[in-house]
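Please look through the structure shown below, and then follow the report as it goes from ring pairs to strands, helices and single residues.

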Amino acid sequence: MMIISDGKWVKDYYDENELHFYRKRKSIFKKKTKFQEVELLELPAIGEVLIIDEELQSAKMDEHIYHETLVHPAMISNENPKKVLILGGGEGATLREVLKYQSVELAVMVDIDAELVEFFHQNMPHWHLGAFDDPRTVLALIDGKEYLKNTSHLFDVIIIDLTSGFTERMQEEFEPILNLYSKEFYALCKSKLAPDGIVAVQAFELTPLDWSEHAVLYRTLSSAFSRVTSYSTFIPSFYTNWGFLIASDHIENSELSPEEVEHRILERGLTNKLRSFSGQNFLGMKSMPKDLQSNLRRPGTVIEDNKPIKVYPKEDNQ
């Protein structure tokens, strides 16, 4: 959690035992909507920073690492992505990455906070780079689960870019956000995939010390899909390795060689459009130490609709 101070410093609470201070140069804009509060700050250490509900979401200096890592493994793994669904991704950077593919004919971005999306559209063009105005873009400003239940589209790629974590806030009480991480929700996503479709999920911190949230999503996603791949990359502004998941029943995502990934990047005209992602880069993202691999494959919590979660930060490592 990042606490916005009134003075010259902001405090980023990593957890109850760790705190980072950033000097604040200025607040660029601040907005409170029906659903959340957003502020764009300029911090000399890491540049422009997007804060939503007092949590750091993106920094201009490295948001390309996060968004390329979320989007391109799934898009590259699909043979010919034409229809793409994005759940979340309000500032438009995930949409921006999807639209780099000339094969894409339809990119639907679903976000419940219409006021915030419009605010990003008008105030952050240097982040979304016109993605909201692309003729292939369709905005659906409703609840993501509602959209999935009612759409007749079948998507080649579904990208889930939700911002909220859960285990640090969970006790024994159910919170509605869990229904967007449940096995029923992932089964609903699966029902809206085209043949050879693939789902990508931002999946929280992933290190040998902090892996429990990611493991819960790995297990839950595995209840709906036969092939689930974990990978991670270091995000400097997050001060940690961040985890992601891709899942499908039809594509051996983890088996694409670096050479095949590079071939597809070249074939799809992406070589000069990517700053971070590459075939060798993706190979490294999937390489994990033995203890972390073991922890991710242990039995444990699976999220179900309308039920509290039983896992806590840092599951028992014994």
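## Aromatic pairs and clusters

A search of the whole structure, which is a predicted model, finds ten aromatic pairs. One of them is formed by Y22 and Y239, whose rings lie 6.5 Å apart from centre to centre with 55 degrees between their planes, and this pair is described as tilted. The two tyrosines come from distant parts of the chain, since Y22 belongs to strand β3 while Y239 lies in the loop between β13 (227-235) and β14 (240-248), and they are 217 residues apart.

Another pair is made by Y231 and F244, and here the ring centres are 5.5 Å apart and the planes meet at 20 degrees, so the pair is stacked. This pair also links distant parts of the chain, with Y231 in strand β13 and F244 in strand β14, 13 residues apart. Y231 counts as buried at 0% relative accessibility, and F244 is likewise buried, with a value of 0%. Both residues belong to one aromatic cluster, which is formed by Y66, Y231, F238, W242, F244, F277 and F282.

## Charges over rings

Which residue lies over the face of F282? It is K286, at 4.3 Å from the ring centre, and F282 is itself one of the residues in the aromatic cluster described above. Elsewhere, the charged end of K190 sits over the ring of F225, at 5.7 Å from the centre of that ring.

## A hairpin and an open sheet

Strand β2 (residues 9-15) and strand β3 (residues 18-23) run antiparallel and are joined by six bridges. Together they form a hairpin, with two residues between the strands. Within this pairing V10 stands opposite Y22 in β3, and Y22 is the residue that forms the tilted aromatic pair with Y239.

A further group of four strands forms an open sheet, in which the order is β4-β5-β6-β7 and the pairing is antiparallel. Strands β4 (26-32) and β7 (55-59) stand at the edges with a single partner strand each, so one side of each is left without a neighbour in the sheet. From one strand to the next, the twist averages 20 degrees. Strand β6 (residues 47-52) pairs with β7 in the antiparallel sense over four bridges, and the bridge partner of I51 is L56 in β7.

## A helix packed on the sheet

Helix α3 (residues 114-123) packs on this sheet, where it touches β4, β5 (37-43) and β6, and its direction makes about 150 degrees with that of β4. The buried residues of α3 are L116, V117, F119, F120 and H121. What covers these buried residues includes the strands β4, β5 and β6, and also β9 (106-110), α4 (125-128) and β10 (137-140).

## A helix with one buried face

In helix α6 (residues 183-191), the buried residues are F185, Y186, L188 and C189. When one looks down the axis of α6, these buried residues fall within an arc of 155 degrees, so they line one face of the helix. They pack against β8 (83-88), α5 (144-150), β11 (155-161), β12 (193-205) and α7 (212-222), a set that contains both strands and helices.

Leaving aside residues up to four places away in sequence, T94 touches H67, L70, V71, I86, G89, I159 and D161.

L129, found in the loop between α4 and β10, has a phi near 55 degrees, which is a positive value in a residue other than glycine. At 62% relative accessibility, L129 counts as exposed. D196, which is found in strand β12, also has a positive phi, of about 70 degrees, although D196 is not a glycine. With a relative accessible area of 37%, D196 is partly exposed.

Terms used:
Residues are numbered from 1 along each chain as its sequence is written. This is a predicted model: local features need pLDDT of at least 70, side-chain atom pairs count only at pLDDT 80 or more; totals for chains, interfaces and linings use all residues. Side-chain values use heavy atoms; hydrogens and water are left out. Buried means under 20% relative accessible area, exposed over 50%, partly exposed in between (1.4 Å probe, protein chains only). The arc is that of the directions from the helix axis to the C-beta atoms. Contact means heavy atoms within 4.5 Å. Two strands pair if DSSP finds at least two bridges between them. Axes are lines fitted to C-alpha atoms, for helices over the stretch in contact, and angles run from 0 to 180 degrees between N-to-C directions. Rings of Phe, Tyr and Trp (its six-membered ring) pair if their centres lie within 6.5 Å; planes under 30 degrees apart count as stacked, over 60 as edge-to-face and the rest as tilted. A charge sits over a ring if NZ of Lys or CZ of Arg is within 6 Å of the ring centre and within 35 degrees of the ring normal.
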